[in-house]
Amino acid sequence: MMQKLMTCAESVKARIDFRPTVGLVLGSGLGNYAERIQTVQTIEYSEIQGFPTSTVKGHKGRFVFGYVGNIPVVIMQGRVHYYEGYAMSDVVLPTRLMGLLGIHSLILTNAAGGINPNFHPGDLMMITDQIACGVPSPLIGPNLEALGTRFPDMSEIYSRRLQAVVRSAAQNCGIPLQEGVYVQLTGPNYETPAEVRMCRGWGGDAVGMSTACEAMAARHMGLEVCGISCITNLAAGLSDRQLDHKEVQQTADRTAAAFEKLITQLILTM
Ligand code: HPA
């Protein structure tokens with residue numbers, strides 16, 4: 001795995017002489033942010049040897065390198081999901097690659113179903129903690145000693161410092177911000193109402209199919225992590241409606257302006 005990761009990193013470094021300090025992963029419907037920044041270069045995932053490529057509609061598959069203000073960033077426009085059939089180690093390969101490119105902080109975003117009864121579609125939720133025991137850990141297998149320790153601490157997986165920055169950024173932008181625990185399940189099916197009740201019982205506030213594994217891989221290698229979910233719908237059983245990916249994307253699109261403003265303010269102040 002380390003060999004594969006180094007090959008990918010070398011192939012990216014050979015194409016671009018740009019050293020990002022912040023990484024940003026854009027979730028469903030949130031991908032347009034990459035078009036708003038001052039772009040220096042883009043690299044398609046398909047151009048990187050051995051790189052897992054994403055297949056989900058609404059997800060592009062490329063790295064966008066550029067600046068937000070004077071902060072050099074790398075944006076993942078489209079991520080790799082476990083439900084696509086990749087090994088968990090491949091799912092987090094792009095995250096680790098951004099770490100090897102030199103980022104020290106990682107912002108993860110996603111679309112998620114709201115489990116907390118106080119949440120509404122269109123809310124933004126800062127992730128304060130996560131429950132990832134519904135998916136295999138990306139750290140299973142021989143430990144990548146060059147990245148981190150065998151048994152990494154996860155007691156502050158989402159940086160308290162960055163949580164404070166996100167709160168202030170939201171306040172400065174006048175954007176209401178929910179906070180809560182993100183639960184990752186495998187997907188690709190949406191949950192049953194019973195599974196949603198289970199997630200609530202576990203202590204979850206939102207449920208989705210990404211992010212937690214990336215946060216774990218990032219934390220393993222010592223990156224500072226923060227996460228923001230766009231609550232695109234009430235999770236199954238909390239409303240009479242059936243769940244549908246199109247509706248998820250539409251709500252994410254509707255929320256995009258506030259989300260983009262928040263992300264920009266966050267990057268400028270982190
Ligand atoms: N469940 C899982 N993933 C999701 C949901 C959901 O309700 N909405 C958006 N992504």
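Author: The largest pocket holds about 350 Å³ of space. A pocket here is an open set of points on a 1 Å grid over the protein atoms alone, where a 1.4 Å probe fits, with protein on both sides within 12 Å along at least five of seven lines. Grid points are joined across faces, edges and corners, and the volume is the space filled by probe spheres set on the points. The pocket is lined by 26 residues, and the closest to its centre are Ser 28, Ala 111, Tyr 190, Met 209 and His 245; a lining residue has an atom within 4 Å of a point. The model is predicted: local features need pLDDT of at least 70, side-chain atom pairs count only at pLDDT 80 or more, and totals for chains, interfaces and linings use all residues. Residues are numbered from 1 along each chain as its sequence is written, and side-chain values use heavy atoms, with hydrogens and water left out.

By class, the lining comprises 13 nonpolar, 11 polar and two charged residues (Ala, Val, Leu, Ile, Met, Phe, Trp, Tyr, Cys and Pro count as nonpolar, Asp, Glu, Lys and Arg as charged, and the others, Gly among them, as polar). At least two lining residues come from each of β5 (105-114), β8 (206-208), β9 (224-234) and α8 (245-269). The largest share, four residues, is supplied by β5. Helices (H or I, at least four residues) and strands (E, at least two) are DSSP runs, numbered from the N terminus.

Of these elements, β8 is joined to β7 by three bridges, and the two strands run parallel; strands pair if DSSP finds at least two bridges between them. In this pairing, Tyr 182 stands opposite Ala 206 in β8. The chain passes from β7 to β8 through helix α6 (residues 193-202), in a right-handed β-α-β crossover: with the strands pointing away from the viewer, the path from the first strand over the helix to the second runs clockwise.

Strand β7 (residues 178-184) has five of its seven residues buried, buried meaning under 20% relative accessible area with a 1.4 Å probe and protein chains only. Strand β6 (residues 124-131) is joined to β7 by six bridges, again running parallel. Ile 127 stands opposite Gly 180 in β7, and Met 126 stands opposite Glu 179 in β7. Met 126 also has Ile 228 as its bridge partner in β9, where β6 and β9 pair in the antiparallel sense over three bridges. Six of the eight residues of β6 are buried.

Gln 184 belongs to strand β7 and, at 1% relative accessibility, counts as buried. A polar atom of the Gln 184 side chain lies 3.2 Å from the backbone nitrogen of Ala 212, and the side chain of Gln 184 reaches the backbone nitrogen of Cys 213 at 2.9 Å. Both distances fall under the term polar contact (a pair of N or O atoms within 3.5 Å; within protein, one must be able to donate a hydrogen and the other to accept it, and residues adjacent in sequence count only if both atoms are side-chain atoms).

Ala 212 and Cys 213 are among the buried residues of helix α7, which also include Glu 214 and His 220. Eight of the nine residues of α7 (residues 212-220) are buried, so this helix is largely enclosed by the rest of the structure. After α7 comes Gly 222, with a positive phi near 85°.

Technical notes: Buried means under 20% relative accessible area, exposed over 50%, partly exposed in between (1.4 Å probe, protein chains only).
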